[in-house]
Amino acid sequence: MARRYREIGKAGWGYTAITGLVGFIYFFPVFWIILTAFKTRTDALAVPPKLFFTPTLENFQSVFFRASITTGTSQATDMGLYFFNSIFIAFTSVGLALIVGTLAAYAFSRYPLKGNDTYLFIILTTRMMPPIVVIIPIFLMFRLSGLAGSYWGIILLYTAFNIPFSVWLVKSFFDELNPEIEDAARMDGASERRVFFGFCIPQILAGLSATFVFGLILTWNEFLFALLLTGVETRTVPVAMARTLGGEVGVDYGLLAAIVTLFLIPIFFVTFLLQNQLLRGVTFGTVKK
Amino acid sequence: MSNLKVDNLRRNYGSVEALDGMSFDVAEGEFFCLLGPSSSGKTTTLRAIAGLEELAGGAVHFSGQDVTEAPVQGRGMSMIFQTFALYPHLSVEANLAHPLRRSGASSADVKKRVDEVSELLRVTHTLKRKPSTLSGGEQQRVAIGRAIVGRPKLLLLDEPLTNLDAKLRHEMRAEFKRLHRELGMTMLYATPDQLEALTMGERVGVIKDGKVVAIGAPRDLYQHPGDTYVAQMVGSPPINFLSATGSGDNQVELPFLGLPVAAPGVASGQSVTLGLRPHDISLAGGGSSRATRFPAKIHLTEPLGDVTVIDVTARETGMKMVLREEIAAKYNVGDDIEIAFDPEDLHVFDPSTGARLGNGATQKN
């Protein structure tokens, strides 16, 4: 008897349940953090952990306003500034890296140098070691040049870190394009500038979005260099988060969870906005058209 | 007046010589075909004429001007690429309008021209769609439309039919001829398919290893191929090559024939290659000369619908022949048949150089 094939696009309940379970396991830590953000200190530390409790917004309030230990009056924290810093620094540096990376990738793809692959390899070597091994020279460079603690310092550093990745990824998208399309545009009278902006870029928007999101996630969560190279004014959220740990009153898990929850929002938002593009971007060229 | 003059083009890719002295002229309003197998330099030649290739030598003259060093933009040429190269992010309408916008036409003018061209090529219903949603034939017609909308003086076509199925190819061949007649532009058409070259080209240039080895009208190339290469490039199924030896008295002996065949100019003992087109072999009838009829065994048949290509063996010499389907249907693989040819249809070539020596001739008895 011939075996019946399931119609594509219709999974059974069993498969859906298994997928749901695996998905939940992945999402659980995030879910738990978000839950904790709405718990009082007592609920957060309760043993066994409480799944049902009366939610409170206390923790979110104390992210931005906290009672001073000495005077007891409510004071504004600098958390708003840190959130601004994180957003400003991450978006600017990833954006810059994408611009520089895209231009370089186009050049590498369309106007190869003699020894093109060697250059590409050299660019990638900067990502081959853990960043911590270069932390001392970089720290010294920043101290000597006066970039330590400034916005431009950390932005340039993150840009430099993101460029290799951007060049490699975006180059692969350019490589996938049909160069005859560019030739056709040229023959139609398009200038080189227009060929690039009007014909190449629009074809790889999905890829650029994917590159942007990957870079953003890496930069957004970066801690080590932010800890060493940002000052009081330019501190990012991961560093500020770490500073809430410890102290005379112990770890305030509710507060920490609230910061993490807020910290997730921008990335959630960007990824959600670009998700259709992202899916196309990561599968770019894997399916023959 | 010669409209396009391609003079001694040279182009290397590393150690490979893609173009090795490519030269030919195309007259104004002519439909010229470049015929050659893949990687013989057809695409490179078209790209060089368009200005898309860096040349190691040679010159391209177009409309009386040396355009070898001129920028790609504004040469007054357009090209239909093998991949069609439609702009995937633009609608069909924007694709068609692009060459016009670049030349600075007013938007009313652009609209009028786009409408005209889409009408001509029957793609009006697709104007708002993206190229990826179109069928192969529609994409092809949009590509043609984009190439002709700006009324170029020269249209370059790089194997534009390779990506289409057989039926569409047949339709598009007629379409290209119609366009050429209606628009009167000079067309340079590169193809590896001899059928396309012979049916469409007013003249055909046969390419081998980056240079033109023969130029002529399709009929001339078919009837009087200058060498074995041209003989096998032109004509389908390919010409049969048979080895023969001169037997003196301007005659050659074929191993499977009982009597020698007249071949003026062939010396005694000289070995020659004889070319015999599959269409020139027929079933031996009552009128066939005794000298050129011989028994053969069918060992493969390829029915093509209207005709059947039959592979036969005569005394261990294999050759192809073509029979009309209703006649071929009477025979099976393994059957012995009696076939014949007209000696005047024999092409005589030098086996070492491949050069043409002459024709066979009817016996003067």
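In strand β14(B) of this predicted model, Val272(B) is the bridge partner of Ala244(B). That pair belongs to an antiparallel arrangement in which six bridges connect β11 (residues 240-248) of chain B with β14 (residues 271-276) of chain B.

**Chain B overall**

- Chain B contains nine helices and 21 strands.
- The C-alpha trace of chain B spans about 75 × 45 × 35 Å along its principal axes.
- Chain B has 365 residues, of which 41% count as buried.
- When contacts in chain B between residues at least 6 apart in sequence are considered, 63% of them join residues at least 24 apart.

**Strand β11(B) and its partners**

- Besides its six bridges to β14(B), strand β11(B) is joined by three bridges to β12 (residues 251-253) of chain B, and these two strands run antiparallel.

**The open six-strand sheet of chain B**

- An open sheet of chain B is formed by six strands in the order β6-β7-β8-β3-β9-β10, with mixed pairing.
- Its edge strands are β6 (77-80) and β10 (211-216) of chain B, each of which pairs on one side only.
- On average, and with direction ignored, neighbouring strands of this sheet are turned by 20 degrees against each other.
- Ser78(B) stands opposite Leu155(B) of β7(B).
- Helix α1 (residues 42-50) of chain B packs on the sheet, where it touches β3 (31-35), β6, β7, β8 (186-191) and β9 (203-208) of chain B.
- The direction of α1(B) makes about 150 degrees with that of β7(B).

**Helix pair α4(B) and α5(B)**

- Helix α4 (residues 136-148) of chain B and helix α5 (residues 166-183) of chain B have axes that come within 12 Å and cross at roughly 20 degrees.
- Because angles under 35 degrees count as roughly parallel, α4(B) is roughly parallel to α5(B).
- The crossing in which α4(B) passes α5(B) is right-handed.
- From α4(B), Gly136(B), Gln140(B) and Ile148(B) are among the residues that meet α5(B), whose contributing residues include Leu168(B), Met172(B) and Leu183(B).
- The contact of α4(B) with α5(B) comprises five nonpolar, three polar and no charged residues.

**Helix pair α7(A) and α10(A)**

- In chain A, helix α7 (residues 151-176) packs against helix α10 (residues 205-220) at an angle of about 155 degrees, with the axes 10 Å apart.
- Since angles over 145 degrees count as roughly antiparallel, α7(A) and α10(A) are roughly antiparallel to each other.
- The passage of α7(A) across α10(A) is a right-handed crossing.
- On the α7(A) side, the contact residues include Tyr158(A), Phe165(A), Leu169(A) and Phe173(A), while those of α10(A) include Gly207(A), Leu208(A) and Gly215(A).
- Classified by residue type, the contact of α7(A) with α10(A) has six nonpolar, six polar and no charged residues.

**Contact between chains A and B**

- Chain A supplies 14 residues to the contact, and chain B supplies 18 residues.
- On the side of chain A that touches chain B, α8 (179-187) and α9 (192-203) of chain A each supply at least two residues.
- Helix α8(A) gives the most to this side of chain A, with six residues.
- The residues on this side of chain A divide into six nonpolar, four polar and four charged.

**Lys111(B)**

- Lys111(B) lies in helix α3 (residues 107-120) of chain B.
- Lys111(B) is partly exposed because 14 other C-beta atoms lie within 10 Å, a count between the limits of 12 or fewer for exposed and 20 or more for buried.
- Lys111(B) and Met319(B) are 208 residues apart along the chain, and their C-alpha atoms are separated by 57 Å.

Definitions and conventions:
Residues are numbered from 1 along each chain as its sequence is written. Chains are lettered from A and ligands numbered from 1 in the order in which they are written. This is a predicted model: local features need pLDDT of at least 70, side-chain atom pairs count only at pLDDT 80 or more; totals for chains, interfaces and linings use all residues. Two residues are in contact if their C-beta atoms, placed from the backbone, lie within 7 Å. Helices (H or I, at least four residues) and strands (E, at least two) are DSSP runs, numbered from the N terminus. Ala, Val, Leu, Ile, Met, Phe, Trp, Tyr, Cys and Pro count as nonpolar, Asp, Glu, Lys and Arg as charged, and the others, Gly among them, as polar. Axes are lines fitted to C-alpha atoms, for helices over the stretch in contact, and angles run from 0 to 180 degrees between N-to-C directions. Angles under 35 degrees count as roughly parallel, over 145 as roughly antiparallel, 65 to 115 as roughly perpendicular and the rest as oblique. A crossing is left-handed if the near helix is turned anticlockwise from the far one by less than a right angle, and right-handed if clockwise. Two strands pair if DSSP finds at least two bridges between them.
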